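This briefing is meant to be read with the sequence and the coordinates side by side. Please keep both open while going through the points.

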Amino acid sequence: MKNQPPAVSADLTQLEKESRSATKAQLAEFWYYFSQNKGAVVGLVIFSALVVVAALAPWVAPHDPGFQFRENFLTPPFWEDGGTTSFLLGTDAVGRDILSRLIYGARFSLFIGIIVVAVSLTGGIVIGLIAGYMRGIVDTLIMRLMDIILSFPSLLLALVLVAILGPGLVNAMIAIAIVLQPHFVRLTRAAVLAERNRDYVVAARVAGAGHIRLMFKTILPNCLAPLIVQATLAFSNAILDAAALGFLGMGAQPPTPEWGTMLSEAREFILSAWWVVTFPGIAILVTVLAINLVGDGLRDALDPKLKRS
Amino acid sequence: MSGDTILKVRDLYRVYETKATMFRKAKSLTAVKGVSFDVERGTTLAVVGESGCGKSTLARMLTMIDAQSSGSIEVDGLPINIAKTGISKEMRQRVQIVFQNPYGSLNPRQKIGDVLEEPLLLNTDMPAVERRDLALQMLQKVGLQPEHYGRYPHMFSGGQRQRIAIARAIMLKPKLLVLDEPVSALDLSVQAQILNLLKDLQDEMGLTYVFISHDLSVVRYLSDKVMVMYFGEVVEYGTRDEVFNAPQHDYTKKLFAATPQADVASIRKRLALKADAA
């Protein structure tokens, strides 16, 4: 190579700055499209607040979530007759502060969401990549198996799985992850099928990339957009399903302050003490809504079909 | 230079089989039928033909993307048959390809630096610093700036992207570069720039090109030898002047006649004809 000496090596810092600003520009563009969707921003704010509250639960919560105040069974919220400001949202049938339980419950819900999404996302991506990349008999086998899982009503399947594994929060999470996984497999496979014959994949193959590199470094990053959106929806789905399992007595077991379990414990007081059921219900509703809004905004920001070029 | 053959193709076939289903019998489609040719070191062979005549299939076989059904390919004395022997790093370093569409041939999630370094990373044990220096040199060589190193493909124009694709292809200093319609997705002024770049690179690095195109003016500009393909067969093969001045086969004549003439003289002639008819 009879070319110029690397006169450029001097301004390496310049190069790195340039590279960083390219990355920054991508993030800025992402944020621009995300912030166009006002609902998504509201959802993000609510979700962030929830995360902060959950993280700081021991300092934020006014009482121990498991402590039973023997003189204050079913105290109404503070604005009702007979309510006190020391129990802002009232107490439940055994005298536990509902606000504190909700705050601690946020930890469980977020934990459930994160674990379930992590498990089903990784599993779904790996299986979907293999199916889409290999095609042929492997693809057929995997996809038919996923179709079988999808053909069950999801909550029913989760219920059966928990019945087999035994009730409990961890088993409920495993069951929900298995139920949600086929969606990720399908989505990944579809995206891989669209990408695998693109020129840049062929170019990487000509450059000598092996199967694993092609799958995970070349193709996968270009399939992530729909997966991220699906992941947020699965997050809220997981919270919802976990609450449903908890309500049916198959999820987190009492006295865990999990929202679904709280609802289940409060079932018999629906008519006499509305606050015992209403607040956990609202907590679930608001969380799921916020996450779905964020998912919506992510779709706006990541889906190339909604953008120019 | 004569006799220094770098690419030797003999009796090359590529047959696509469609599987029999309940409603259809198995069919076979021969995309490339018994193609043979030689390319000398440092020269350009242009492969011309209409869509679907097997040009791109030929390119895919030469660049080891697909295997041939039968026949032999030899690059600089190294026989290539990936169905039998697989692909070695040595084979990779000899042949590279530039694709037609610069918008599809670069990974949108990969920075240019990584695009250029990938072939080196995969095929050599070069340390990272050296790879970066080479990539930076290469950027300058194809007419880009060092600060483009850290940018993403979507920040570039079509012509710039094709420069990047060319740079990636010659990172490994291949003996043979297959250009699959490298300029047909670009507008005219950019086409000229890219063709000049290709010519300069050929002189500088002693590259051998197999240039696939359906644009005859481009072919005339760049090629030493021309091969005309029609339905998978070679119907005409000779030096550029032979083929352009005295086409033998009917199809070649038709092809040349179908080339739009945009020079002033021919436009005047056409207008005069129209005026006569009216």
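This is a predicted model: local features need pLDDT of at least 70, side-chain atom pairs count only at pLDDT 80 or more; totals for chains, interfaces and linings use all residues.

Residues are numbered from 1 along each chain as its sequence is written, and chains are lettered from A and ligands numbered from 1 in the order in which they are written. Chain A comes to 12 helices and zero strands, whereas chain B comes to 11 helices and 10 strands; helices (H or I, at least four residues) and strands (E, at least two) are DSSP runs, numbered from the N terminus.

**Chain A**

- Of the 309 residues of chain A, 41% count as buried; a residue is buried if 20 or more other C-beta atoms lie within 10 Å of its own, exposed if 12 or fewer, and partly exposed in between, with C-beta atoms placed from the backbone.
- Among contacts in chain A with a separation of 6 or more, 69% are between residues 24 or more positions apart, two residues being in contact if their C-beta atoms, placed from the backbone, lie within 7 Å.
- An unreviewed UniProt entry lists residues 40-61, 108-134, 154-180, 223-249 and 269-295 of chain A under "transmembrane region"; the positions are given in the numbering used here, feature names are shortened, and annotations may be inferred rather than shown by experiment.
- In the model, residues 40-61 of chain A are 91% helix and 0% strand, with end C-alpha atoms 27 Å apart, while residues 223-249 of chain A are 89% helix and 0% strand, with end C-alpha atoms 38 Å apart.

**Chain B as a whole**

- Of the 278 residues of chain B, 43% count as buried, and 66% of the contacts between residues at least 6 apart in sequence join residues at least 24 apart.

**Where the chains meet**

- In all, 31 residues of chain B are in contact with 26 residues of chain A, and the elements of chain B that give two or more residues to this side are α3 (89-94), β6 (95-98), α4 and α5.
- The most is given by α5(B), with five residues, and the residues on this side of chain B divide into 12 nonpolar, 10 polar and nine charged. Here Ala, Val, Leu, Ile, Met, Phe, Trp, Tyr, Cys and Pro count as nonpolar, Asp, Glu, Lys and Arg as charged, and the others, Gly among them, as polar.
- Helix α4 (residues 112-123) of chain B has buried residues that include B:Ile112, B:Val115, B:Leu116 and B:Leu120, and the buried residues of α4(B) pack against α8 (199-206) of chain A as well as α5 (128-141) and α6 (158-170) of chain B.

**A sheet and a helix in chain B**

- An open, antiparallel sheet of four strands has the order β2-β1-β4-β5 in chain B, where two strands pair if DSSP finds at least two bridges between them.
- Strand β1 (residues 5-18) of chain B is joined to β2(B) by 10 bridges, with B:Leu12 opposite B:Val35 in β2(B).
- The eight residues of helix α1 (55-62) of chain B, among them B:Lys55 and B:Arg60, are buried, so α1(B) is largely enclosed by the rest of the structure.
- After α1(B) comes B:Met64, whose phi is positive, near 65°.

**A hairpin in chain B**

- Strands β9 (residues 225-230) and β10 (residues 233-239) of chain B run antiparallel and are joined by six bridges, with B:Val226 opposite B:Gly238 in β10(B).
- These two strands form a hairpin with two residues between them, and B:Phe231 in the turn has a positive phi of about 50°.
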